[in-house]
Structure formats: structure tokens, C-alpha cells
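Hello,

Here is the structure for your files. My notes follow it.

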Amino acid sequence: MKKILKSPYFYLFALTPAGLALCAAAKYVPGFADWYCVNIYKPVAGALGTVTGAFPLSLMEIAIAAAVFAVIALSIGAALRAHRGEASVLKAFGTVLKKILAGASVVFFLFALFCGTNYYRTSFAETVGLKVQKSSVDELFALCSDLLERANSLSTQLEHDENGVTVYPESDFAMAKLAAGEYRLLYEKYPFLEMGKSTLGRPKPVICSFVMSKTLISGVYSPYTLEANVCREGPDFLRGFTMMHEQTHLRGFMNEAEANFVAFLACENSADPYFEYSGYCHALLNSMNALYSADYEKWAQLRVCYSPAVDADMRAQNAYVDANESKVSEVSDAVNDAYLKLNSQTDGVQSYGMVVDLLLAYYRTKA
């Protein structure tokens with residue numbers, strides 16, 4: 001027992017049950033998730049995220065590359081030791097496996113600390129007193145009409161390429177810096193979102209975005225580096241929204257529908273027409289999909305009212321999705337679905353559609 005207790009692997013492996021206990025407490029102990037978010041997550045993640053946010057490149061991307069290199073190096077080292085007779089094949093590769101499992105234990109514990117517990121906190125809608133209820137098709141039609149009118153108007157203020165598709169005039173890194181500042185404007189209306197300093201949450205455009213594009217992942221929040229990572233592939237017009245979405249996860253709201261809704265609020269509240277347009281287009285895309293299923297004739301009535309720029313953007317997005325749909329993207333979608341359900345989002349990927357109910361509830365407060 002003394003030998004086991006002296007081994008660093010014992011404590012690294014112990015992080016797995018510790019992480020499970022933390023997530024169980026968040027799920028089953030009333031009030032614990034909210035207490036943890038306010039007293040532990042926000043101050044710690046805010047401080048660490050402020051530091052990691054100061055680096056322009058994605059530390060998550062660098063960490064993944066380093067981890068892959070480390071596994072390859074350890075495997076080669078094990079093979080050489082076995083070849084030289086310094087250890088049996090089983091012992092040499094057993095050591096490698098033990099190190100990989102120890103690393104996985106650390107990864108899971110960090111996930112529990114900076115992500116897993118937040119799945120069980122009080123929802124954004126409950127926090128702000130937003131009443132979500134069933135809505136009529138007429139209400140949905142009115143929502144789509146308002147979103148489309150605003151999107152059409154904003155599209156005239158933006159730059160477009162030779163195909164009429166919206167383009168952001170500066171680099172993705174310039175967009176990311178602006179996105180961090182625009183998101184903080186929400187603090188005035190929703191002060192409970194505030195955490196960290198000015199560099200917190202600055203989105204990180206991923207250099208190897210072609211990998212993300214093949215899985216149709218537009219962005220990912222990294223609880224290990226406290227970063228909002230964004231894919232640089234695909235049409236520009238939705239990238240601003242994605243940056244706001246991933247920043248919302250960093251603020252501790254993990255539910256996908258709520259992250260979409262808060263991202264819309266951030267875009268709507270932005271002083272920059274590009275971000276506002278990005279948010280309205282994403283909301284329009286989701287709401288029109290819901291209207292298509294509910295009443296095709298009403299959907300068709302609005303679809304012909306898209307401005308040339310909005311229509312070009314939507315077609316460009318459809319073309320991007322069609323070009324990257326594959327077995328890889330299907331597997332990615334299935335994994336994401338399982339991940340959401342594992343973290344008590346029982347609707348899985350279908351929870352993305354719930355943003356329409358939140359938008360309808362929000363628009364009722366504005367009526």
C-alpha cells in the first residue's frame with residue numbers, strides 16, 4: 001500500500017472518481033451547481049481564461065498536436081526498449097498505456113471542473129425570468145418576418161464578393177478581437193455573465209480548420225484551455241455568431257439552445273452591423289426551418305422575400321454543408337449527440353431547435 005501511495009499514478013487515476021463525484025454532486029445535490037459556478041468556476045476560470053485569452057493562437061490546437069506527438073514518441077520509445085531487450089513488449093507498451101490512461105484521467109477531471117458541472121446550473125431563461133411556452137404558427141410567422149426584415153436591412157451595410165456573398169473585410173483574428181469586446185457589452189443587461197478581464201474569451205481562429213470543416217464543427221469550447229475555438233472555413237456571415245456562441249459556453253451556459261440564444265442577444269446588442277447581421281441570420285435560419293415544418297405555405301411566402309444578399313448567404317451555407325457532408329461528419333454528429341445526452345441534454349442534437357422557443361419567448365417580452 002505504501003508503494004502504491006508513493007506512486008504519482010495513484011493520484012492521477014484518483015482524479016477520475018473525483019471528477020465523477022463532482023458531476024454527481026452538481027446533478028443530484030440541489031443548489032450545488034449554482035454555488036459551484038459562482039464561487040469556484042467563475043473566479044478560477046475567469047482568471048485562467050484571462051491569461052489564455054491573451055495568446056492569439058489556439059492553445060487547444062497546440063495541445064492536441066503536442067499530445068499526438070507525445071503518444072507517437074512514447075510508442076516509438078517503447079518499441080526501441082523492447083527491441084533492445086531492456087523490457088518485454090508487454091511491459092514497455094504497458095507503461096505507455098498507463099501514461100495515456102493517467103493523462104485521460106487528468107483530462108476528465110478538468111472537464112468536470114470547467115464544464116461538466118455547468119450542465120446542471122440554473123438555465124439562462126430561468127435566471128432572467130424568460131417564460132418559454134407553446135406558440136402558434138402565426139407567432140412563429142411573425143418572428144420569422146421580423147428577423148427577415150432586419151436581416152435584409154443589415155445586409156445592405158455589409159461588403160459582398162462577386163457572387164453577392166457577405167465577406168468580412170478584415171482578418172478572422174481582427175473579427176475575434178472585436179467579438180470579445182462586443183460580447184462584454186452584454187454585461188450591462190446581464191451582469192451575471194461578467195467574469196475575467198478584457199482578454200477573457202477572445203475567440204481563437206483554428207489554423208487547421210480544414211479538419212473541423214470535415215466534421216461540420218463550426219466552433220468548440222475548450223474547458224482545458226478556457227478558450228472559444230472557431231473554424232475558419234465556410235461562409236463569413238455566420239462566423240461572428242459562432243464566436244458569440246462559444247464565448248457563452250465559457251460563461252458557464254452549456255446547453256446548446258441557450259448558447260445559441262445568448263449568442264443572438266450578444267449579436268443583437270452589438271454596435272457592429274456584421275455581428276448583428278450574423279446573429280439575425282442564424283436566428284432566421286433556425287426559425288425558418290421550424291416554420292417550414294409547421295406550415296410550408298407560410299414558409300414559401302417569406303422565402304421569396306429574402307434580399308439577394310441574404311439569399312446568396314443562405315445558398316452559400318447550404319453549399320458548404322453539402323460539400324462537407326460525409327461519413328466523417330455523420331460520425332461527428334453521432335458522437336456529439338451522445339455527448340449531449342450523456343450530460344443530461346436529453347434531446348441530443350435536437351436541442352438546437354429549442355432556440356426558436358427561446359426566441360419566441362424573448363420576442364413576446366418586446367411586444
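Cysteine 267 is buried, because its relative accessibility is 0% (buried means under 20% relative accessible area, exposed over 50%, partly exposed in between; 1.4 Å probe, protein chains only). Cysteine 115 also counts as buried, at 2%. A search of the whole structure finds zero disulfides (pairs of cysteine sulfur atoms within 2.5 Å). For cysteine 115, the nearest cysteine sulfur is that of cysteine 23, 8.6 Å away. For cysteine 267, it is that of cysteine 281, at 10 Å.

A note on the source: this is a predicted model, where local features need pLDDT of at least 70, side-chain atom pairs count only at pLDDT 80 or more, and totals for chains, interfaces and linings use all residues. Residues are numbered from 1 along each chain as its sequence is written, and side-chain values use heavy atoms, with hydrogens and water left out.

Now helix H11, residues 239-250. Helices (H or I, at least four residues) and strands (E, at least two) are DSSP runs, numbered from the N terminus. Twelve of the twelve residues of H11 are buried, so the helix is largely enclosed by the rest of the structure. They pack against helices H4, H9, H12 and H13 and strands S4 and S5. Glycine 252 follows H11, with a positive phi near 100°.

Arginine 239 is in H11. Its relative accessibility is 4%, so it counts as buried. Its side chain reaches the backbone oxygen of cysteine 231 at 3.3 Å. Not counting residues up to four places away in sequence, arginine 239 touches residues including Asp172, Glu233 and Tyr274 (contact means heavy atoms within 4.5 Å).

Best wishes

Methods: Polar contact = N/O pair within 3.5 Å; in protein donor to acceptor, adjacent residues only side chain to side chain.
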